[in-house]
Amino acid sequence: MFGIDLPGAGLWTTSVGSLPKPPYLTRARARYSRHEIGRAELKELELQATKEWIEFQNSIDTDLVVDGEQYRGDMVAFFAEELPGLEIGGLVRAYGNRYYRKPVATGPVGRDHAVTVKWWKFAQSLTDKPVKGMLTGPYTICDWSFDEHYGSRRAFVLDVAAAIRDEALDLEAAGARFIQIDEPAASTRMDEFSLVIEAMEIITAPLRTHTITHICYGAFHDAYPRMLDIPVDQIDLELANSDYSLLQSFQEHPFTKYLGLGVADVHSHVLEPVETMVEGIRRALKLLPADRLLIDPDCGLKTRTVKEAQAKLTNIKKAVDIVRAEL
Amino acid sequence: MITTTVVGSYPKPPRTDQPGATNEFELRRVLRALEKGEVTPEDLRQAQDRLVAEVISEQEQAGVDVVTDGHVRWNDLVTPFAGHMAGIELSGLLRYFANNVYYRRPVCVGPVEWRGPASIDAWCYADSVATKPVKAVIPGPLTIARLSLDDHYSSHEKFVLALARVLAQEAFELEAVGARIIQIDEPALLDAPEDLPLAKRALEVVVAELKLSEVVLATYFADAKRLGAELFDMPAHVFHLDFVSGPENEELISLMPPESKLQAGVVDARNTLLESTSHVGALVHGLLEAMGPERLSLSPSAGLEFLPRDKARLKLERLIQIAGKAGE
């Protein structure tokens, strides 16, 4: 287990990963997809947006910073575009009127170049606070892709795990002290939970950094306490959108890792009052000490507007300051 | 010759081998414009009508014998029906079974009541543009209940039976306008074998007033092994089983009573890999031996909307090839 070497007594503030793209970047991405601007012009704006988000996090004194993923369309497609063996496939619907290009495994998946390291270095150069390395977990990449090559979910997942491990090792070598491997799909099929664990072991076993995974709500009550077997130091969970009901499970089976405590619902335009967040943190403190808690939104904030996301992050910081004063 | 059909949904984006195909297709544009108040619900209906006609013609050209409207007007099977009932509101997004696809969770806040037909106009339009028989598809009461949150009935049983009474009205109306094949989808039954007796009582309510229709009971995304022979006590003439996600379903075939028919999902509706004709042929050969050609129809494993449009069309063509070979 790798602890947290951050200043202070705990209740460190952070974000789950994605942050909203400013309107100028959304427009530029649309123009890029219509071939109206080039890659270089788009990248310039991605760098600018990343810089703005780091500056914002600096301004509210965030303890553990994220780069905000301004250069990613979605968390699976981004890796599918970069890893050999995966291709971007045809358009499928996710919900409502939202569509995405679902990746396809067309050959053995590997990794022939670092995918996130340059972005991590850029973000880290803009702040004195540590920046998280952000990776998508192998189980989620495979579960959210078609498979035309493997015919075996396990073989597919384990190959992707090796590719993500190599990326994690490169992030570590570049200086990342916190590496997050997101597995939002992990709690969808409990009969494959051992595969989630096996794949994560491949990635985290050689790392000497603090490791984190984020799991979305899904079938949480089926997945707990089993999720404590995932070999990471910290699990980040959505608490706010279930009115902190997950905390009840911790009374029965103690939570044995660092907890990323989500205190802002990312699917709602409504800004949670500081007092509600304070109350949520206090409830968590009855079960876990402050130096095992990180405070953040429930999930990536990319579906909110920039203003909404900033307001939520600002309130989180205010709530943390209030509770810290009580410690 | 073995009959072929589909389970229900079909991809909405255009074929990419057609001129001018982009991510920004008509239905998507119109839905967005409607949200901004730039077009009317009538514009949306016309765009949907055009796509229904296109999707039906695509199925017919592929050679499918019994078609659907592709659920082109719907986001999923559950919310158009649940959301249309009095007593139900739609809330936040939840994952639809173990797929990376989301639906708005229905919340029951008062007595569930019929508020007029939810699918009659859609079925009638599809029937008017199709040359082949159009199957009507509705969600089963157990599946609606298990995908919903019940804040009103204190009992799961009461909630399921209340939903069944509303769906009975829908089924009755579908038969009245001419639907002769009505498929009732109960995928949630596979995760809840303990609910089988309740699902049976509820299905009896749904089909009580039907006189002419062939009733298809569809389960998919897994095998029905845990339901055992009792599955076939459900009041349906045809049972759809998913042999892709549930190869173990082969063991159930010998338990089917002689008067019941099998709609076998043999082509993977959730993965783009095009299955080899010979591999599926072996499965179909076994099913044909057990059932005989009169009692067997073939289909994709589930609704095809999990796939890109081009792949869905290729899957249908493959299905027809497999059925043709088996019928030789």
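Trainee: In what sense do S2(A) and strand S3 of chain A pair, and over how many bridges?
Mentor: S2(A) pairs with strand S3 (residues 98-105) in the antiparallel sense, over seven bridges. Two strands pair if DSSP finds at least two bridges between them. This is a predicted model, where local features need pLDDT of at least 70, side-chain atom pairs count only at pLDDT 80 or more, and totals for chains, interfaces and linings use all residues. Residues are numbered from 1 along each chain as written, chains are lettered from A and ligands numbered from 1 in written order, and side-chain values use heavy atoms, without hydrogens or water.

Trainee: Which residue in S3(A) is the bridge partner of Tyr95(A)?
Mentor: That's Arg98(A).

Trainee: And what's the strand order in that open sheet?
Mentor: S2-S3-S5 in chain A, three strands with mixed pairing. Strand S2 (86-95) and strand S5 (146-147) are the edges, each pairing on one side only.

Trainee: Zooming out, how many helices and strands does chain A have?
Mentor: Eleven helices and ten strands. Those are DSSP runs numbered from the N terminus: helices are H or I, at least four residues, and strands are E, at least two.

Trainee: Why call chain A compact?
Mentor: Because a compact globule of 327 residues would have a radius of gyration near 20 Å, and chain A's 19 Å agrees. The radius is taken over C-alpha atoms, and the rule is 2.2 Å times the number of residues to the power 0.38.

Trainee: What are the spans of its C-alpha trace?
Mentor: About 55 × 45 × 40 Å along the principal axes of chain A.
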